[in-house]
Amino acid sequence: MDDTEVEILSAREVPLGGPRAMTVRRTLPQRSRTLIGAWCFADHYGPDEVAESGGMDVAPHPHTGLQTVSWLFTGEIEHRDSLGSHAFVRPGELNLMTGGHGISHTEVSTPGTTVLHGVQLWVALPDEHRHADRDFQHHAPKPVRVEGAELRVFLGTLAGETSPVATFTPLLGAELLLDPGATVTLPVDPDFEHGLLVDEGDVRLAGTSLRPAELGYVGTGHETLTLTNESDHRARAVLIGGTPFGEEIVMWWNFVGRSNQDIVEAREEWERASDRFGHVDGYPGDRLPAPTLPNATLTPRGNPPRGNPPRGNPPHGDPPRA
């Protein structure tokens with residue numbers, strides 16, 4: 001019997017994108033867990049019928065101190081940013097944007113998209129790189145077949161496949177498609193902690209069953225992870241991982257910093273349209289205004305020691321997020 005300890009993180013529903021908000025399911029951050037490796041944010045959305053939900057229409061908005069990872073299961077999203085990138089997010093293709101010192105971008109589902117379904121993930125940049133230059137990378141990983149599953153490795157290394165996409169800390173990101181009833185054992189880096197976000201089907205991670213929209217967390221020290229599809233149809237999940245981040249961060253709205261002052265300064269510069277975030281061309285509308293800062297001081301957070309209660313503020317209070 002596998003006695004690997006699995007922590008289940010349940011999703012909460014939050015609006016995305018201001019006045020034209022669509023609803024997403026957020027599993028990271030939580031009060032009990034701020035980070036998995038450098039992964040600091042996980043939104044899961046769909047399948048949404050665009051005719052009913054209105055799809056995604058996120059006006060120009062800023063980012064600092066992070067990388068955004070866009071991965072779709074169904075649909076298509078048009079991306080524009082202040083670096084001058086104009087690209088599309090399509091199923092099975094990775095778009096990774098670095099917003100170190102500052103970047104702004106838009107995300108709009110395309111007119112031909114009828115169903116929108118995917119994940120939006122963020123990676124916190126380590127302190128020495130959190131003011132990195134703007135950057136944008138695209139990668140279409142090939143499917144890799146292992147017994148009982150098909151994988152697409154978009155970051156890091158899994159099942160002998162390595163993504164060429166550069167990151168600032170050791171990371172893993174992969175989509176897993178599990179055959180009906182299959183059990184799959186994957187060799188993993190024992191220095192990594194891992195999270196498995198279930199999209200479709202019921203999946204047992206080690207000895208713990210996870211339902212759709214739940215994220216299972218496993219700490220370091222494991223050389224393999226065993227997954228079982230307990231469904232009679234194909235299951236889909238996203239596996240993320242990385243070495244423990246080891247730094248406390250402040251997350252608020254679209255900013256990742258190290259102090260309350262970092263967030264205050266980033267918000268002020270966005271509101272006065274400073275050059276820090278640049279300008280996005282091609283969007284037919286106004287930029288998103290920043291929400292009002294909370295009255296309380298935003299305090300840095302990391303993962304609380306096991307068995308100890310979390311301290312400080314909730315994980316940015318989920319203000320309307322772009």
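The largest pocket of this predicted model holds about 190 Å³ of space. Thirteen residues, written 13 in the count, line the largest pocket. Those closest to its centre are Trp270, Gly278, His279, Val280 and Arg287.

Glutamate 268 belongs to helix α2, which spans residues 260-271. The relative accessibility of glutamate 268 is 47%. Buried residues fall under 20% and exposed residues lie over 50%, so glutamate 268 counts as partly exposed. Leucine 121 lies 147 residues away from glutamate 268 in sequence. In space, the two are 25 Å apart, taken from C-alpha to C-alpha.

The model also contains an open sheet of seven strands. The strand order is β2-β3-β4-β11-β6-β9-β12, and the pairing is antiparallel. The edges are formed by β2 (12-16) and β12 (135-139). Each of these has a single partner strand, so one side of each is left without a neighbour in the sheet. On average, neighbouring strands of this sheet are turned by 25 degrees against each other, with direction ignored.

Strand β3 covers residues 22-28, and strand β4 covers residues 39-49. The two pair in the antiparallel sense over three bridges. Leucine 28 stands opposite alanine 42, which lies in β4.

Conventions:
Residues are numbered from 1 along each chain as its sequence is written. This is a predicted model: local features need pLDDT of at least 70, side-chain atom pairs count only at pLDDT 80 or more; totals for chains, interfaces and linings use all residues. Side-chain values use heavy atoms; hydrogens and water are left out. Two strands pair if DSSP finds at least two bridges between them. Helices (H or I, at least four residues) and strands (E, at least two) are DSSP runs, numbered from the N terminus. Axes are lines fitted to C-alpha atoms, for helices over the stretch in contact, and angles run from 0 to 180 degrees between N-to-C directions. On a 1 Å grid over the protein atoms alone, a cavity is a set of points where a 1.4 Å probe fits but cannot get out, and a pocket is an open set with protein on both sides within 12 Å along at least five of seven lines; lining residues have an atom within 4 Å of a point. Grid points are joined across faces, edges and corners, and a volume is the space filled by probe spheres set on the points. Buried means under 20% relative accessible area, exposed over 50%, partly exposed in between (1.4 Å probe, protein chains only).
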